[in-house]
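Please go through these points with the model open beside you.

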Amino acid sequence: MSDRRQFITGAGLAAFTGLGALGVLYGAKRTWDMLPSVKAAGFTTIDVSAAQENVLVTEMWRGKPIFILKLAKDAKPASAPNGNDANAYDDKRLLEIDGSKYLVVIGLCTHLGCIPAYYGDENKFKCACHGGEFSASGEVLKSPPPSPLVIPPFKIDGTKLVLGEQGPEYKKLVADGIVA
Ligand code: FES
């Protein structure tokens, strides 16, 4: 390959990579709106009362992104390659806080740990690394992710969510085999 051709190929790759990075940043911005929260001694307390339906909020807890999504009553995925196209609103993995249903999960793909992006118009998360998809309740819609998005330990206190503490609702999910 000539030096000139190598340079052009390299420049094209750099431009493509740059565009990809911009896309990731844009995706992150779309999902990086915060709710009021307090962090102390490994616990993060988040008031979810200002959350809007079908708008993903991302918080940080012990260095990991935490996804919080208030579900709309119709949260059926636009498509489900593995056939699991149930309405996510009815999923037992959701937490009920002040009469509304929420997805609360660690925002890392269970395949190799990339951060999936949420597509509200399709009611699903998509992982750009290897094409995995999850429903709005964190169930796998498309492999390679081997398992649903992981629910962190939590306690519900009125309209507040305390991450890092194991409240009765979390213990029930463990007892029911929904959380390992
Ligand atoms: S890390 Fe998400 S699909 Fe591979």
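1. Start with one term. A residue counts as buried if 20 or more other C-beta atoms lie within 10 Å of its own, as exposed if 12 or fewer do, and as partly exposed in between. Keep this in mind for the two faces of strand S2. One face is covered and holds Thr44 and Ile46. The other is uncovered and holds Phe43, Thr45 and Asp47. In a regular strand the side chains alternate between the two faces of the sheet.

2. Now the overall picture. This is a predicted model. The chain has 180 residues, and 29% of them count as buried. It contains two helices and twelve strands. Read from the N terminus, the order is α-β-β-β-β-β-β-β-β-β-β-β-β-α. Take the contacts in the chain with a separation of 6 or more: 49% of them join residues 24 or more positions apart.

3. Which strands make up the sheet around S2? Four strands form an open sheet in the order S1-S2-S12-S11, with antiparallel pairing. S1 and S11 are the edge strands, and each pairs on one side only. Ignoring direction, neighbouring strands here are turned by 15 degrees against each other on average. Strands of a sheet pair through backbone hydrogen bonds, either parallel or antiparallel.

4. Look at S2 and its partner S1. S1 covers residues 37-40 and pairs with S2 in the antiparallel sense over four bridges. Val38 stands opposite Thr45. Ala40 stands opposite Phe43. Both Thr45 and Phe43 belong to the uncovered face of S2. The hairpin of S1 and S2 has two residues between the strands, and Ala41 takes a positive phi near 45 degrees there.

5. S2 has another partner, S12. S12 spans residues 160-163, runs antiparallel to S2 and is joined to S2 by four bridges. Ile46 has Leu161 in S12 as its bridge partner. Ile46 belongs to the covered face of S2.

6. A further open sheet has four strands in the order S7-S8-S9-S10, and its pairing is antiparallel. S7 and S10 stand at the edges with a single partner strand each, so one side of each has no neighbour in the sheet. From one strand to the next the twist averages 35 degrees. S7 and S8 pair in the antiparallel sense over three bridges. Tyr119 stands opposite Lys124 in S8.

7. Check two asparagines. Asn123 lies in the loop between strand S7 (117-119) and strand S8 (124-126). Its phi is near 55 degrees, a positive value in a residue other than glycine. Asn54 sits in the loop between strand S2 (43-47) and strand S3 (57-61). Asn54 also is not a glycine, yet has a positive phi of about 65 degrees.

8. Asn54 has 16 other C-beta atoms within 10 Å, so Asn54 is partly exposed.

9. Last, a peptide bond to inspect. Where is the cis bond? The bond from Ser143 to Pro144 is cis, with omega near 25 degrees. Pro144 is placed in the loop between strand S10 (140-142) and strand S11 (154-157).

Terms used: Residues are numbered from 1 along each chain as its sequence is written. This is a predicted model: local features need pLDDT of at least 70, side-chain atom pairs count only at pLDDT 80 or more; totals for chains, interfaces and linings use all residues. Two residues are in contact if their C-beta atoms, placed from the backbone, lie within 7 Å. Two strands pair if DSSP finds at least two bridges between them. Axes are lines fitted to C-alpha atoms, for helices over the stretch in contact, and angles run from 0 to 180 degrees between N-to-C directions.
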